[in-house]
Amino acid sequence: MVQILVQSLIPLSVFLMMKICTPQAEVVVPKNATISAIFMFGDSIVDTGNNNHLVTLVKSNFPPYGRDFMGGKPTGRFSNGKVPADLFAEKLGIKELLPAFLDPNLQLQDLIGGVNFASAGAGFDPLTSELVLAIPMSKQLQLFDEYKTKLKSFVGEERADYIVTNGLYIVSAGSDDIVNTYFHTPTRIFEYSVSSYTEFLVRSASSFLQELHAKGARRISVCSLTPLGCIPSQRTLAGGIKRRCAEGYNKMVQLFNSELSSELRRLNGACPHARMALLDVYGLVFDMVKNPRKYVQETGLELDFPSVTIDFSAFPS
């Protein structure tokens with residue numbers, strides 16, 4: 001989703017504050033746990049340039065995007081620098097940047113540590129992708145099949161299977177469904193109530209996760225939605241004269257996050273050889289919006305975050 005607030009806060013929150021936990025409880029990571037690769041699915045929060053190669057208006061391959069990236073060049077990342085996809089890969093020591101699968105300069109060697117299938121403007125609701133000509137979540141799964149075929153031809157079936165099985169799969173979608181498709185598309189807001197559309201999104205997310213699991217994914221993280229009502233555009237449109245956070249949006253997000261967490265719990269029971277974990281960022285981002293001074297040093301404008309251990313214990317080793 002192309003929103004400055006979300007793009008600026010998510011990369012910071014993912015690594016400096018966020019905990020990865022199961023919907024049931026936080027547990028301890030096995031010391032011998034191995035992450036072979038990172039695979040990213042979703043929208044613009046994690047897109048590293050796939051939309052550069054689409055006929056769509058949802059692009060960011062122009063200034064001021066990328067002004068703090070290497071060389072100060074826009075790359076198709078909806079950020080001034082790196083996005084969570086890159087930060088995960090870097091933090092895990094897999095690679096510095098997570099390449100877009102559609103990048104024509106992608107080399108076979110780049111396949112080994114994982115790639116990115118995310119597309120800005122995509123959502124769990126198929127209509128969301130259609131509206132902006134983004135890569136639908138279903139198509140992202142097809143691209144993953146293409147990836148596996150290429151990987152096997154390059155490293156052999158045995159090693160390819162190991163990479164796929166031991167990879168970390170991260171899914172970040174749903175923001176555009178709520179902000180753009182539901183609240184700003186008559187065909188949805190008149191067809192669904194808030195609760196029924198939320199249920200529809202969770203069912204769609206569940207179907208996607210089950211298909212991803214069927215294709216070999218065993219460690220799957222799903223990002224919760226952030227307080228979308230606090231995005232500048234929504235505060236302007238629905239926050240009143242004082243541009244407060246739009247509560248209607250935030251309540252819908254909270255409902256979605258809650259139902260998604262319950263669905264992940266159910267899926268974990270149905271898929272005993274896999275683990276699907278929730279990356280809950282709602283509370284952190286909301287606190288950053290409400291209490292910004294907590295994250296700024298008194299001596300200047302430098303962001304100051306306490307150290308937090310990233311917990312991958314939700315995943316089997």
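## Aromatic pairs

The count comes to 21 aromatic pairs, where rings of Phe, Tyr and Trp (its six-membered ring) pair if their centres lie within 6.5 Å. Planes under 30 degrees apart make a pair stacked, over 60 edge-to-face, and the rest tilted. Take Phe101 and Tyr147: this pair is edge-to-face, at 6.4 Å centre to centre with 70° between the planes. Phe101 sits in the loop between helix 2 (84–91) and helix 3 (126–132) and Tyr147 in helix 4 (residues 137–155), so the pair ties together parts 46 residues apart in sequence. Helices here are DSSP runs of H or I with at least four residues, strands are runs of E with at least two, and both are numbered from the N terminus.

Tyr147 also pairs with Phe144, this time stacked, at 6.1 Å and 10° between the planes. Those two both lie in helix 4, three residues apart, about one turn of the helix.

## The cluster around them

Phe101 and Tyr147 are both buried, and so is Phe144 (buried is under 20% relative accessible area, exposed over 50%, partly exposed in between, with a 1.4 Å probe and protein chains only). One aromatic cluster takes in Phe39, Phe41, Phe101, Phe117, Phe144, Tyr147, Tyr169 and Phe208.

## Strands 4 and 5

Strand 5 (residues 275–279) has four of its five residues buried, so it is largely enclosed by the rest of the structure. Strand 4 (residues 219–223) pairs with strand 5 in the parallel sense over five bridges; pairing takes at least two DSSP bridges. Val222 stands opposite Leu278 in strand 5.

## About the model

This is a predicted model: local features need pLDDT of at least 70 and side-chain atom pairs count only at pLDDT 80 or more, while totals for chains, interfaces and linings use all residues. Residues are numbered from 1 along each chain as its sequence is written, and side-chain values use heavy atoms, leaving out hydrogens and water.
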